[in-house]
Amino acid sequence: MTGELSPIDKAKFVAAKRAAEMVEDGMRVGLGTGSTAAWLVRCLAELVQEDGLRFRGVPTSTRTAELARDLGLEVISLDEARWLDLTIDGADEFNADLNLIKGGGGALLQEKIVATASDQMVVIADAAKEVENLGAFPLPVEVIPFGWQTTQALIEETLVSMDVMGRNATLRMNGEVPFVTDEGNHILDLHLGRIGNPRQLALVINQIPGVVENGLFIDICDQVVIGFADGRVEVRDINAGTVSEDRLDFVETDNLFQDI
Ligand code: 5RP
């Protein structure tokens with residue numbers, strides 16, 4: 001290990017490691033995007049190398065696909081898989097109903113398609129991602145580049161009649177130029193503060209021409225694995241109504257940490 005992990009990274013790591021244990025031989029597994037999902041990919045690669053785990057992964061971004069291939073995982077497309085046993089992904093926020101805001105990494109479109117095509121979606125997150133009300137994290141909305149400013153104006157106008165605190169939408173940038181998603185689209189980040197009715201907002205936003213998809217994941221997530229910096233993990237299952245706790249050890253000699 002070349003450097004001490006931050007408390008947040010330790011929390012993300014233990015959540016990812018616990019969720020990796022849910023992957024069984026022969027499964028088709030959606031691989032999320034972001035720093036927590038990157039830990040997952042590393043944990044899975046270790047299980048493949050050390051324990052002979054066999055599974056096929058469907059990445060939710062070019063970033064995740066590159067990492068998975070670099071680590072020797074078998075990668076297939078969603079169309080090759082058709083349906084997935086399990087998707088494991090990070091989130092920007094989750095609430096008590098396991099509804100989510102996603103898209104901080106700009107991959108919400110593929111993430112939502114892949115999660116929706118899965119028997120189970122498991123979110124891995126550090127405890128700071130849990131919120132009472134969604135919306136403090138700006139809600140990402142993927143829009144096509146054509147007429148994006150008109151789409152932005154329509155979204156802001158629509159928000160006037162929605163139960164939200166703020167209504168400002170900003171174009172996500174990548175340095176001096178607009179951020180471009182894997183599908184060649186842009187992202188508008190909606191600074192809402194608090195979303196009173198996430199289900200209604202998700203439906204209404206998607207009706208606006210130019211909007212491809214929004215980052216609200218409603219009734220998609222089945223379980224959340226919450227990691228803590230001291231190695232504790234809590235697994236909540238919304239369907240079974242169960243909560244279980246566990247503790248994982250950090251093994252500093254793990255191959256996992258060599259490139260960190
Ligand atoms: C990417 C996402 C990520 O899952 C989300 O942004 C969380 O990222 P991280 O694990 O780095 O905190 O939705 O589009």
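Here is a short tour, starting with the ligand and moving on to a handful of residues.

First, some ground rules. This is a predicted model, in which local features need a pLDDT of at least 70 and side-chain atom pairs count only at pLDDT 80 or more, while totals for chains, interfaces and linings use all residues. Residues are numbered from 1 along each chain as its sequence is written, and side-chain values use heavy atoms, with hydrogens and water left out.

Let's begin with the ligand. It is surrounded by 17 residues, and the closest of them are S35, T36, D92, G103 and K129; being near here takes a heavy atom within 4 Å of the molecule. What kinds of residues form that shell? There are 2 nonpolar, 9 polar and 6 charged ones. In this sorting, Ala, Val, Leu, Ile, Met, Phe, Trp, Tyr, Cys and Pro are nonpolar, Asp, Glu, Lys and Arg are charged, and the others, Gly among them, are polar.

Now look at some individual atoms. The side chain of D92 has an N or O atom 2.6 Å from an oxygen atom of the ligand. On its own the ligand has 370 Å² of accessible area, and the protein covers 91% of that (areas come from the Shrake-Rupley method with a 1.4 Å probe, and for residues only the protein chains shown count as cover).

Where does the ligand sit? Its place is the second largest pocket. To find pockets, a 1 Å grid is laid over the protein atoms alone, and a pocket is an open set of points with protein on both sides within 12 Å along at least five of seven lines. A molecule sits in one if more than half of its atoms lie within 2 Å of its grid points.

Next come some residues in strands and helices, which are DSSP runs numbered from the N terminus (helices are H or I with at least four residues, strands E with at least two). F94 belongs to strand β5, residues 93–94. F94 counts as buried because its relative accessible area is 0%; buried means under 20%, exposed over 50%, and partly exposed in between, with a 1.4 Å probe and protein chains only. I205 is part of helix α7, residues 198–205, and is buried as well, at 1%.

E234 is in strand β16, residues 232–237, and is buried at 13% relative accessibility. Its side chain makes a polar contact with the side chain of R236 at 2.6 Å. For such a contact, a pair of N or O atoms must lie within 3.5 Å; within protein, one must be able to donate a hydrogen and the other to accept it, and residues adjacent in sequence count only if both atoms are side-chain atoms.

Finally, the loops. Most residues other than glycine have a negative phi. L98, though not a glycine, has a positive phi of about 60 degrees; it lies in the loop between β5 and β6 (100–101). D219 is not a glycine either, and its phi is positive at about 55 degrees. The loop holding D219 runs between β14 (216–217) and β15 (223–227). Which of these two residues is buried and which is exposed? L98 is buried, at 3% relative accessibility, whereas D219 is exposed, at 55%.

Definitions and conventions. 1 Å grid on protein atoms, 1.4 Å probe; cavity = no way out; pocket = protein on both sides within 12 Å on 5 of 7 lines; lining within 4 Å.
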